Amino acid sequence: MKTYLPPRFVVERDPDRCITCKGCVAQCSFGVHSYDREEDAIRSQDELCVGCHRCAIFCPTGAIRIKRAPQDYRPNANWTPEAIEDIIKQAETGGILLTGMGNDKPYRIYWDHLVLNASQVTNPSIDPLREPMELRTYLGRKPDRVELETGTLKLKTRLAPQVAIETPILFSALSYGAVSLNVHESLARAATELGTLFNTGEGGLHSKLYKYGPNTIAQVASGRFGVHPAYLQMARVLEIKIGQGAKPGIGGHLPGEKVSEDVAATRMIPRGTDALSPAPQHDIYSIEDLAQLVHALKEATNYTKPVSVKIAAVHNSAAIASGMVRAGADIIALDGLRGATGAAPKVIRDNVGIPIEMALAAVDTRLRQEGIRQQASIIVAGGIRSSADVVKAIALGADAVYIATAALIALGCTVCQQCHTGKCAWGICTTDPILSKRVNPEIGARRLANLLRAWSLEIKEMLGGMGVNAIESLRGNRLHLRAVGLTTEEMEVLGVRPAGS
């Protein structure tokens with residue numbers, strides 16, 4: 001069937017600069033470029049280009065430019081080019097449209113409508129270059145009150161397991177299989193260097209990376225891939241995954257083409273078979289079921305590790321979070337509308353769930369109203385783009401944030417949204433043995449560590465500007481936030497006042 005889809009990108013090659021080195025042919029995993037022996041020239045097929053820019057960046061002479069090629073359809077506010085082309089794709093395939101990464105629709109980004117306070121005369125600012133600034137964060141259940149032994153002042157209260165992280169930024173769940181082993185190793189190394197944690201995602205952990213256990217969050221998802229006693233014992237934190245922001249209510253699916261021998265061994269499934277995580281967690285149909293699973297994991301690890309429960313941000317997240325805390329969760333992970341994934345039905349990714357800012361504010365408010373906020377830490381995810389987003393999230397009630405897309409961008413990702421194809425030209429979302437080598441774990445770890453170090457420095461600058469010397473003092477302090485351009489109802493949910501008040 002001839003496709004009616006026009007090319008989305010145009011490859012422009014400067015013939016005066018091109019030296020026919022065939023570098024672009026080798027770099028492109030989507031087969032856009034080819035060498036014509038008869039004419040000794042490189043040809044390009046625009047219709048195959050996904051806009052990842054790998055060829056342009058690695059062209060030694062800068063001869064290649066990738067440009068968008070939007071079709072000039074007749075203007076129509078209802079029938080946008082995307083709507084038209086999605087229908088064409090489904091008319092030609094008869095299937096669900098899959099996509100990678102997160103929601104790219106122009107929904108309101110509330111971080112951009114919140115501004116931070118700054119100290120002036122009455123409350124002096126702090127210079128982070130001269131004064132100590134504390135970013136260390138402790139994750140885990142806190143007691144309602146502590147008691148000390150009379151005389152010795154030793155702590156009588158038995159504390160639940162606490163995990164200290166040196167920056168309030170963690171690497172979010174990225175499963176081995178969805179991303180390459182070299183990406184996992186880069187994340188593990190960077191987390192260890194910076195004193196934070198990385199998350200295995202639902203695919204288990206390759207045996208080569210067990211040595212990074214003290215900086216690992218081991219996820220237990222509905223598919224139970226790679227879950228065994230050694231996996232649970234290795235990790236610093238255990239996380240039960242119920243939902244994720246990119247596809248609330250939808251299970252996971254790793255195509256069999258990406259299930260290599262190593263991935264199969266790690267996930268404990270046959271090579272080449274589709275890895276399907278059921279949409280429902282079959283262990284959990286009620287809060288009582290969740291409590292049983294939380295305590296089963298704690299029992300299996302001798303009550304030495306905090307247990308996190310991850311859900312997608314939905315309209316009743318606050319009530320669910322209350323139940324999760326009462327079920328024994330030590331950490332609540334909330335993943336918002338902008339959360340990314342390796343593969344999701346496009347219609348789900350773009351239309352289901354709510355912004356993380358709204359869910360975070362609602363959950364923090366509900367737990368405070370019920371007097372149980374201290375019983376669980378809150379980690380939020382889903383579209384965290386900068387250190388400013390981190391600071392605003394903490395002021396809104398989070399203890400820490402997860403980042404994933406930002407981490408992948410640090411490794412080279414250009415958000416071309418082709419993760420589901422397994423052909424990632426940057427060697428990130430692929431298990432192809434040749435493409436995977438494009439991420440050097442040592443260099444990858446250095447880039448990730450640089451990103452977190454830079455954001456941490458910026459966070460200290462912002463804290464100092466607010467006259468705050470510890471991230472703990474900012475947590476849930478919404479008086480440091482003001483809203484710009486939001487409705488009264490939006491400000492009410494967020495619990496912030498308008499700028500100028």
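The largest nonpolar core has 124 residues, and Phe171, Ile403 and Ile428 touch the most other members. A nonpolar core is here a set of buried Ala, Val, Leu, Ile, Met, Phe, Trp, Tyr and Cys residues joined through side-chain atoms within 4.5 Å. Buried denotes under 20% relative accessible area, exposed over 50%, and partly exposed the range in between, with a 1.4 Å probe and protein chains only. The model is a predicted one, in which local features need pLDDT of at least 70 and side-chain atom pairs count only at pLDDT 80 or more, while totals for chains, interfaces and linings use all residues. Residues are numbered from 1 along each chain as its sequence is written, and side-chain values use heavy atoms, with hydrogens and water left out.

Which residues does Phe171 contact, leaving aside its neighbours within four places in sequence? With contact taken as heavy atoms within 4.5 Å, the partners of Phe171 are Leu187, Ala190, Ala191, Leu197, Phe198, Asn199, Tyr402, Ile403, Ala407, Leu448 and Leu452. A second, separate core comprises 13 residues, among them Val163, Leu170, Val237 and Ala400. In soluble globular proteins, nonpolar side chains tend to be buried together.

The cysteines come next. A disulfide is a covalent bond between the sulfur atoms of two cysteines. With the criterion of a pair of cysteine sulfur atoms within 2.5 Å, a search of the whole structure finds zero disulfides. Cys18 is partly exposed at 22% relative accessible area, whereas Cys28 is buried at 16%.

Helix H8 spans residues 317–326 and is mostly covered, with seven of its ten residues buried. Helices (H or I, at least four residues) and strands (E, at least two) are DSSP runs numbered from the N terminus. The buried residues of H8 are Ser317, Ala318, Ala321, Ser322, Gly323, Met324 and Val325. They pack against helix H7 (287–300), strand E15 (307–312), strand E16 (331–335) and helix H10 (356–369). Just after H8, Gly328 adopts a positive phi of about 110°.

Positive phi values also occur at residues other than glycine. Most residues other than glycine have a negative phi, and most peptide bonds are trans. Leu153 is not a glycine, yet its phi is positive, at about 60°. Leu153 belongs to the loop between strand E7 (137–139) and strand E8 (163–165), and is exposed, with 58% relative accessible area. Gln417, also not a glycine, has a positive phi of about 65°. Gln417 sits in the loop between helix H12 (405–410) and helix H13 (433–436), and at 16% relative accessibility Gln417 is buried.

Another loop residue, Ser180, is located between strand E9 (169–173) and helix H4 (181–194). Ser180 is buried, at 1% relative accessibility. Not counting residues up to four places away in sequence, Ser180 touches Gly427, Ile428, Thr430 and Ser436.

Charged pairs complete the account. Side chains of opposite charge can pair when their charged atoms come close. If a salt bridge is a side-chain nitrogen of Lys or Arg within 4 Å of a carboxyl oxygen of Asp or Glu, the count comes to 35 salt bridges. Glu185 and Lys208 form one of them, at 3.1 Å from N to O. This pair links distant parts of the chain, 23 residues apart: Glu185 is in helix H4, and Lys208 is in the loop between strand E10 (198–199) and strand E11 (216–220). Glu185 is buried, with a relative accessible area of 5%, whereas Lys208 is partly exposed, at 42%.

In the salt bridge of Asp36 with Arg43, the closest N and O atoms are 3.8 Å apart. Asp36 is partly exposed at 22%, as is Arg43 at 37%. Glu472 and Arg475 also meet through their side chains, at 2.8 Å from N to O; Glu472 is partly exposed at 46%, and Arg475 is partly exposed at 24%. Finally, a network of salt bridges links Glu82, Asp86, Asp104, Lys105, Lys346, Arg349 and Asp350.
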